[in-house]
Amino acid sequence: MQRLQTKDFGYWLLTKGSNIYLSDGKLPFGTADELALDDKCGMVIGEYQDAPLWLVEEFDDSRNYFSLRDQLILPERIFNLLNRGVALNYFWKTHRFCGVCGAKTQAMTPQEWAVECTQCQHRTYPMIAPSIIVAVRKGDSILLANHVRHREEKIYTTLAGFVEVGETLEQTVEREVFEESGLKIKNLRYIGSQPWSFPNSLMLGFLADYAEGEIAIQPEELNDAGWFRYDAGLPHLPPPGTIARKLIELSQQICADEAQQL
């Protein structure tokens, strides 16, 4: 990162944790001087609406910040760019000292997102935590669960979990589904991915078919889980734009296509 200059110009991304600053629902635009940022540090992380997008190093201020999740309505490229900024600021904030010798690290440059130790020159790059998410289908029904974290919202969504050391993605999907629901799956297919900087994850989406077993929820993770017919009115789902919603809608479409063939 570099000390911002008065004349630096473009759009500005200010973050607090996984929240971003918006002015009238938009990223602020103008010069560093106009936004009182010329004494801060920042760097260009991409292009937004044909202008540079500056990421400003996280600092304490009184501006109003909004959840990154609320920006899922944006085009995918823009949402992913905002994810990049949130993840980079989290990385900088948590890697100010070397993990090898404990000395201070020095700032990254636009050419390489990394920090380097000022003493032993050990270089560290942003850590990404891979997480799987999977929609499981059984005939004309989809497995949906109300997670503990969604108790109040009563959102029903797909199963998900972090990849553990020494696992393949396929093993993670099978383990997470069995641990959380007691079910075994088959016909696993990779669908796509989504950056998920809360604070530093990458969601890897799959579809799978039911193989065997009866639902037995893991109470530490789930409040409820069940099979929901694709066309009979699903419960409250994750918002559009999430990979969970995409997997659910894709499962619905597969069910509908198969129903038409009968």
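Contact here means heavy atoms within 4.5 Å. The model is predicted.

**Helix α3**
- The buried residues of α3 are Ile243, Ala244, Arg245, Leu247, Ile248, Ser251 and Cys255.
- An α-helix has 3.6 residues a turn, so residues three or four places apart point the same way.
- The end C-alpha atoms of α3 are 27 Å apart, which agrees with the 27 Å that its 19 residues should span at 1.5 Å a residue.

**Nonpolar cores**
- The largest nonpolar core holds 34 residues, and Leu13, Leu27, Ile45, Leu53, Leu55, Trp92 and Ile133 have the most contacts inside it.
- Two or more residues of this core come from each of β2 (9-16), β5 (41-48), β6 (51-56), α1 (76-94), β11 (129-138), β15 (201-212) and α3 (243-261).
- With 8 residues, α1 gives this core its largest share.
- Leu27 is in contact with Tyr11, Trp12, Leu13, Tyr21, Leu22, Tyr48, Leu53 and Leu82, leaving aside neighbours within four places in sequence.
- A second, separate core has 16 residues, among them Ile132, Val136, Leu143 and Val177.

**Thr158**
- Thr158 sits in the loop that runs between β12 (141-147) and β13 (159-162).
- Its relative accessibility is 1%, so Thr158 counts as buried, the cut-off being under 20%.
- Not counting residues up to four places away in sequence, Thr158 touches Ile133, Val134, Ala135, Leu144, His147, Ala244 and Ile248.
- Thr158 and Leu237 are 79 residues apart along the chain, and their C-alpha atoms are separated by 9.3 Å.

Methods. Residues numbered from 1 in each chain as written. Predicted model: local features only at pLDDT ≥ 70, side-chain atom pairs only at ≥ 80, totals over all residues. Heavy atoms only, no water. Helix = DSSP H or I, 4+ residues; strand = E, 2+ residues; numbered from the N terminus. Buried < 20%, exposed > 50% of the residue type's maximum accessible area, 1.4 Å probe, protein only. Core = buried A, V, L, I, M, F, W, Y, C linked by side-chain atoms within 4.5 Å. Expected span 1.5 Å × (residues − 1).
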